[in-house]
Amino acid sequence: MSDVSIGAVPMVELWRGGRLESQHRGHAVICDATGQVIDAWGNPDAVIYPRSSCKMIQALPLLESGAGAGLSDRQLALACASHQGAALHVGAVSAWLADLGLGEPDLRCGVQEPADIAERNRLICTGDSACQLHNTCSGKHAGFLMLNKHLRGGPDYVEPDHIVQTTVRQAFEEVTGEVSPGYGIDGCSAPTFATSVGGLARAMASFAGASETSTRGTAMVRLRNAMGRHPEMVADETRACTELMRAMSGNVAVKFGAEAIYIAILPEQKIGIALKILDGGTRASEAAITGLLARAGALDPAHPAALRRLGGPITNWRGIHCGDTRLAAGFAGA
């Protein structure tokens, strides 16, 4: 596989005492609805694993097949979610599975302790144990199970050669415009198909420019709208995805992926954004996507959600201003 570090450029920096202390390098691409690259930093051809940033692509077959025709917007947002395992998400996934005549044992995402503090405290106080419903990807897996029931596949729907995953891969390659060079296994046990940063941005631009004139276009519109309308289902309170989508009044869909991937779907501007921070740092990926959203005119850089990720001073435990996070010179208009 190609070296993802080749061509990476400085994107986000931390300054302390007038000196550069840390620097995060990466790649970012903006595509228009025709799939053309209109702006890029670093190497658009750098091959990455999109991880959880592309869950709306993984949900396309659910709608295109007709299996998910009756799903609500909240459920579609949940299918695209990387949630915190809060009661809100656990309850919604459990109800979805029950509607399918299935249960928690049918999931193949694995047990994960909830990141949601209230739910974690509840488990501690009651002596209950975490289960697969708490897994950050359980909503995506509920969607996989729904599609699997429709396709009459076997129970191990996460296997790369299973009909669910081959169907997902076909959709993935079509919207990225690239044959995937391979896959890795994600934290939730499903395959994550590799593509270039440019390919991922192209896919997001296709969501941004979609209209309800075809089966795929209708599916894309439903998914992007569901994410914008229900950001609390996509992530959780205090998470960057939720806060940034709310700051833009649900007009933009934003999604992170593990190891510092971020995408954005901007229907009004008809552009898609994808970025990868080389060192996997969340601090940097949140700052970078914030900068790009502001540059696109979709996000007010003075909004509190934006300031929390970019441009605000760093204070220590005594409240003393001791540093600043900022975009690197030459990135996103800095």
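Helix α6 (138–151) contributes the most residues, four, to the lining of the largest cavity in this predicted model. Helices here are DSSP runs of H or I of at least four residues and strands are E runs of at least two, both numbered from the N terminus. Residues are numbered from 1 along each chain as its sequence is written. As the model is predicted, local features require pLDDT of at least 70 and side-chain atom pairs count only at pLDDT 80 or more, whereas totals for chains, interfaces and linings use all residues, and side-chain values rest on heavy atoms, with hydrogens and water left out.

One cavity of 30 Å³ or more was found, a cavity being a set of points, on a 1 Å grid over the protein atoms alone, where a 1.4 Å probe fits but cannot get out. Grid points are joined across faces, edges and corners, and volume is the space filled by probe spheres set on the points. The largest cavity holds about 60 Å³ of space. Its lining, defined by an atom within 4 Å of a point, consists of Q58, A59, P61, L62, A79, K140, G143, F144 and L147. Both α2 (60–64) and α6 (138–151) give two or more residues to this lining. By class, six lining residues are nonpolar, two polar and one charged, where Ala, Val, Leu, Ile, Met, Phe, Trp, Tyr, Cys and Pro count as nonpolar, Asp, Glu, Lys and Arg as charged, and the others, Gly among them, as polar.

Strands β2 (residues 19–32) and β3 (residues 37–41) run antiparallel and are joined by four bridges; pairing requires at least two DSSP bridges between two strands. Residue I30 has D39 of β3 as its bridge partner. Four residues lie between the strands of this hairpin, in which G35 adopts a positive phi near 90 degrees.

No disulfide (a pair of cysteine sulfur atoms within 2.5 Å) was found in a search of the whole structure. For C125, the nearest cysteine sulfur, that of C131, is 17 Å away. Residue C125 is exposed (over 50% relative accessible area, with buried under 20% and partly exposed in between; 1.4 Å probe, protein chains only), at 70% relative accessibility. By contrast, C241 is buried, with a relative accessible area of 1%. The sulfur of C241 lies 11 Å from its closest counterpart, in C80, and is therefore too far for a bond.

Residue S52 is located in the loop between β4 (47–48) and α1 (55–58) and is buried, with a relative accessible area of 9%. Contacts of S52 (heavy atoms within 4.5 Å) include S82, C137, D186 and K255, not counting residues up to four places away in sequence.

Terms used. On a 1 Å grid over the protein atoms alone, a cavity is a set of points where a 1.4 Å probe fits but cannot get out, and a pocket is an open set with protein on both sides within 12 Å along at least five of seven lines; lining residues have an atom within 4 Å of a point.
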